[in-house]
Amino acid sequence: MSNGLPQVVLVGRPNVGKSTLFNRLIHSNRAITHDRPGVTRDRLEGIVRRRNKPEYGVIDTGGVTLDERSVVQEGPEGIRGFEAEILQQVHTATAEAAVIAFVVDGKDGLLPTDTYLANHIRRLNVPVLCVVNKVDGAELADRMCSEFHALGFPLIAVSAEHGHNLNELAEELADMIPKEQFVEALTPPELRLAMLGRPNAGKSSLINALCGENRMIVSDVAGTTRDSVDVRFTVDGEDYVFVDTAGVRRKTRITDTVEKYSANSAIKSAGKADVTLLTLDAMEGVSAQDKRLMDMLNTRKIPFMILINKADLLPKKDLTEVVKRAKELLGFCGHVPILTVSAKSGFGLERILPMASLVRKECLVRVPTSQLNKAMQQALTAHQPPLVKGVRAKFFYLTQAESEPPTFVFFVSDAERVSPTYARYLESSLRRIFKIQHAPMRVKLRSSHTKKS
């Protein structure tokens, strides 16, 4: 494209929904969409724009029909006679592509034509993201996507028709583009932070202290902050923004239903941020509400860290007990960092932003397949799987399905023969080998009876 933006090219067999996906990504009905396969013949170009992500181009291409030798085969009626030209258009588009979005149909499952095309684009030596389309909700993703992991590409499930996971797709594609391909003049993305916690824990005071100015009204009255506010600031040349979050109220003359809604609303806002700063009041210790928030953040794999504020107001011995209590409650997610700080005195504040940046960096980790399987063998050699009902599970291969958070999938002979204890060992091994200390991580086990060649 003449604008010099890096390009993402949509590639796939006919009728997998590339044009609908294209329209969704550019927020415009540029491409004609229809249930009949072969409507798109020429390639279309557009620009993807998302908040806090650099712009990039996207190219829609016609459906490609290949056999196992990468020879063009006769396609459906809409493209019949144009198969070779469409393939040439795809080659032209991918010649300078930064990323290929390989679109497949989750409802149809993995077809031989998908495999042939995947083998073809793998030889182009361009980063590939497998986009499993027509997955109408997160609850269907595991079942509809499992067989596509065999292609060996990082994977994301979406529904172009219903809008499921489209923003995540746009951001994932932006993150896969090599940074040097973006125009240098583009403003780097801000690190988005969410301040979460009970009323009067000092969230507004911490924001003011980190910003270096009074951007938020501070009062001893709990619940002073009511409006949603985005606070932008720069520290040492790096840009940050505190995203709006709903306040989490205590159970004071309110029903459990209202309390649950309030907490869910806050967690939803936290999900818009890169890292959430869960703020505790050292004077009040760790409450049941704090524990509830920890559980929800961990369950949803939202990157977070604990700030124990007002640490300067407690004797050292008492503060140690508060930290110990927080660690006990975080036993299920020991990777979460805990910092003792004071908005009033400035104690410990210099550690907050660097730690948040580190957590964010770890969330974006992508590991090459060769390193993944080397790591798997290293973990298995150090500690082999235990016998379960007299049989030891066989591990075939390991893939990284997603980032944000890093998600690793082990393909084994029988997932039910891998104990939860051994699964936790595998997670700790991956954290150690790939230096993922503080980011959330998903480790999944999939039953498979064939070893990847």
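**Exercises on ring pairs and salt bridges**

Eight aromatic pairs are counted in this predicted model, where rings of Phe, Tyr and Trp (its six-membered ring) pair if their centres lie within 6.5 Å. Local features need pLDDT of at least 70, side-chain atom pairs count only at pLDDT 80 or more, and totals for chains, interfaces and linings use all residues of the predicted model. Residues are numbered from 1 along each chain as its sequence is written, and side-chain values use heavy atoms, with hydrogens and water left out.

**Exercise 1.** Classify the ring pair F102 and F153.

Solution. Planes under 30 degrees apart count as stacked, over 60 as edge-to-face and the rest as tilted. The ring centres of F102 and F153 are 6.2 Å apart and the planes stand at 75°, so the pair is edge-to-face. F102 lies in strand β4 and F153 in the loop between α4 and β6, 51 residues apart; strands (E, at least two residues) and helices (H or I, at least four) are DSSP runs, numbered from the N terminus.

**Exercise 2.** Determine whether D274 and R360 form a salt bridge, and state their burial.

Solution. The criterion is a side-chain nitrogen of Lys or Arg within 4 Å of a carboxyl oxygen of Asp or Glu. The closest N and O atoms of D274 and R360 are 3.6 Å apart, and the two residues form a salt bridge. D274 sits in the loop between α7 and β10 and R360 in helix α10, so the pair ties together parts 86 residues apart in sequence. Buried means under 20% relative accessible area, exposed over 50%, partly exposed in between (1.4 Å probe, protein chains only). D274, at 13%, is buried, and R360, at 12%, is also buried.
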